Amino acid sequence: MLSKRIIPCLDVKDGRTVKGVNFVDLKDAGDPVELAWQYAQQGADELVFLDITATHERRKTMIEMVKSVARQLNIPFTIGGGITSIADADALLSAGADKISINSAAVKNPALIEDLAKVFGVQFVVVAVDTKLVDHRNMVHLNGGRLLTELETLQWIKQAENLGAGEILLTSMDHDGTKQGFDCKLLDQVCKLINIPVIASGGAGKTEHFTEVFSTTGVDAALAASVFHFGEITIPELKTELNKHHIPVRLCK
């Protein structure tokens with residue numbers, strides 16, 4: 001059985017790591033390159049960097065950060081935020097990123113998923129989906145969760161898989177930053193719907209939440225931010241706990 005992955009997520013704004021609750025009230029959480037190195041040392045399996053206010057002007061800043069991270073890391077990392085073209089993805093992958101994550105651009109131009117998969121390979125393309133309950137239906141949101149679309153989450157995820165997504169990063173906005181646990185019901189539905197890896201995001205608050213999501217759903221990885229950034233959970237203790245529950249993980253040295 002493949003090991004389950006633990007993935008710290010670093011939301012980057014103006015070159016700093018930030019974290020909020022339900023996508024708002026952002027607080028500074030440190031230097032992203034320094035945090036990345038610390039997580040690699042602790043035994044993180046992968047990292048995700050999301051440029052949450054990406055603009056064309058700051059693309060060069062992100063490329064320099066990617067180069068700095070790549071020099072220090074020996075684990076895979078994904079970059080997302082503001083990627084709208086083959087050229088954007090190529091610049092980040094050439095700088096050292098292992099995968100790229102697309103969200104709003106994929107919804108606005110679904111063919112982008114197909115194009116990226118053809119040029120770089122399915123394994124390089126992560127489609128991030130921000131979802132929130134609206135009138136008892138899970139709906140896709142864009143622009144950091146600020147814009148409601150008419151897309152139902154499950155339908156969009158299935159379409160993304162059909163277009164060539166290699167992995168789905170699913171964030172429950174209702175759970176994000178609340179530390180009340182992952183949206184296991186929705187994640188279970190998604191895992192049964194598609195045949196590509198799913199990363200659970202939104203709601204981690206204690207080690208039991210990771211145990212629950214791996215035990216009750218078919219997710220391949222669990223992602224968290226603030227509980228790692230502020231030392232509420234350490235990766236070694238988390239993996240030790242998961243191992244006790246017979247959840248396969250790559251144990252820290």
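Lys179 is placed in the loop between strand S10 (167-172) and helix H7 (184-193); helices (H or I, at least four residues) and strands (E, at least two) are DSSP runs, numbered from the N terminus. The model is predicted, so local features need pLDDT of at least 70 and side-chain atom pairs count only at pLDDT 80 or more, while totals for chains, interfaces and linings use all residues. Residues are numbered from 1 along each chain as its sequence is written, and side-chain values use heavy atoms, with hydrogens and water left out.

Although Lys179 is not a glycine, its phi is positive, about 60°. Most residues other than glycine have a negative phi. His246, in the segment after helix H10 (235-244), is likewise a residue other than glycine with a positive phi, near 60°. Accessibility is classed as buried (under 20% relative accessible area), exposed (over 50%) or partly exposed (in between), with a 1.4 Å probe and protein chains only.

| Residue | Phi | Relative accessible area | Class |
|---|---|---|---|
| Lys179 | about 60° | 28% | partly exposed |
| His246 | near 60° | 73% | exposed |

Helix H3 spans residues 86-95, and its buried residues are Asp88, Ala89, Leu92, Leu93 and Ala95. Viewed down the axis of H3, these buried residues fall within an arc of 160°, so they line one face of the helix; the arc is that of the directions from the helix axis to the C-beta atoms. Ala87 and Ser94 are exposed on the other side of H3. After H3 comes Gly96, with a positive phi near 130°.
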